[in-house]
Amino acid sequence: MYEWIVIGGGIQGCTVATFLLKNKKVLPGNLCIIDPHEKPLSNWTRNTGLIGMKFLRSPFVHHLDADPFSLISFTKKKNLKDNEFYGQYKRPSLKIFNEHNQHLFQETALEQSWQQGYVNDIEKVKDHWRVHTLDGKSLVGRNIVLALSVNDQLHIPKWADALYEESNQVFHVFDKTASIQELKPPIAVVGGGITSAHLVIKLAAMYPGGVTLIKRHPFRVFDFDSDPGWLGPKKQTAYRQISDYEKRRDVIIGARNRGSLTTELFQKLKKLENEQKIKVVDDEVKSASKGDRKEINLILEQQEVSVKSIVFATGFKPGRPGGGWLDKAIEKFDLPCARCGYPIVSPKLEWCPHLYVMGALAELEIGPIARNISGARQAAERILHNR
């Protein structure tokens, strides 16, 4: 029997697993991480590489290791230059962040705990849990951490439903089968946030003059995706005093700088626009149709745009992650949920005895940072130090 089973091997799951291992709360042989992918952080590595991210939005103290200064120490030991960090907050490069993760995984032997598979059911048996996977495996553990991601809940605007289904030149940037190497210009990138910014900068180098960024609002420029006060007691203390979970949800929605990007990405996009390497359109698409020459005609409120490819950088659906098997578990174990469908948990992120949540599932307790690396660290701390 495992001491801990972590369901989900992305940033959230790998963070809590690393914290457990580094704090000697569990040995690799008593920890199981279940994830559909072959290796830890597969989605993270693919998605960040796909859009051409150079630097993280998070500062240098936000990473997967328990020691907040681990990333800086790692960089110094490798005698790397200062250009691995950007700006006053020392935001790490994607390269050094990923190298640090691999170092951590080797140091903790985390991959010994890896179990590739899709969870499709959990059941409670006396003092332990049994986790079932689609390939028929059954794993037994004392504690479960649900570190589920929304990455498979891609949001496609309604006007694009038909095109998305039938065209191989219309896809979400995080589609598993997406290949920006095979795009046919002219290309429309739909979305106004940091993902679309990274993507447009990358595409502009590949297809100069052939990329149009279409967004519903002017650029929203913020260093972080929520006020840094949410990282500590400045904002969190008052948040925890809110007993009404609908009000907590409203606070979360209001606190997030949705569809925003950092100053340097904004400046890069403006430079590309001035050099006529990209076009930027602030307008809303109302409908789309295919033309006679295989072009796609986009009807916006103020104009029309004709392209051959569309890439959506429109984020993820807001629904609770987990799908049908988690719906079934909620009903079976009478797990409390707020009206929005998300878990109501204890301060130590326990949904019921020995069942913990983090990431999106923990946001009604952690607050607006729950889905970020900083939120993963805080969730891991709560789960560890309340055992």
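Which residue in β8 does R130 stand opposite? R130 stands opposite V140. I will start with the strands around that pair and then move on.

Some background before that. This is a predicted model, in which local features need pLDDT of at least 70 and side-chain atom pairs count only at pLDDT 80 or more, while totals for chains, interfaces and linings use all residues. Residues are numbered from 1 along each chain as its sequence is written, and side-chain values use heavy atoms, with hydrogens and water left out.

A word on names: helices (H or I, at least four residues) and strands (E, at least two) are DSSP runs, numbered from the N terminus. Two strands pair if DSSP finds at least two bridges between them. Strands of a sheet pair through backbone hydrogen bonds, either parallel or antiparallel.

Now strand β7, residues 128-133. Of its 6 residues, 5 are buried, meaning under 20% relative accessible area with a 1.4 Å probe, protein chains only. β7 pairs with β6 (residues 119-125) in the antiparallel sense, over 6 bridges. One of the bridge partners is R130 again, this time with E123. The two strands form a hairpin with 2 residues between them, and K126 in the turn has a positive phi of about 55°. With β8 (residues 138-146), β7 also pairs in the antiparallel sense, over 4 bridges. That hairpin has 4 residues between the strands, and G136 takes a positive phi near 90°.

Next, the open sheet. What is the order of its 5 strands? The order is β9-β18-β10-β11-β14, with parallel pairing. β9 (170-172) and β14 (278-282) are the edge strands, each pairing on one side only. Neighbouring strands are turned by 20° against each other on average, direction ignored. The angles run from 0 to 180 degrees between N-to-C directions, and axes are lines fitted to C-alpha atoms, for helices over the stretch in contact. Between β11 (residues 211-215) and β14 there are 5 bridges, including the one that joins T212 to K279.

Last, two helices. The axes of α6 (residues 194-206) and α9 (residues 263-274) come within 10 Å and cross at roughly 40°. That makes α6 oblique to α9, because angles under 35 degrees count as roughly parallel, over 145 as roughly antiparallel, 65 to 115 as roughly perpendicular, and the rest as oblique. The contact (heavy atoms within 4.5 Å) involves, among others, I194 and V200 of α6 and L265 and K268 of α9.

Key
Buried means under 20% relative accessible area, exposed over 50%, partly exposed in between (1.4 Å probe, protein chains only).
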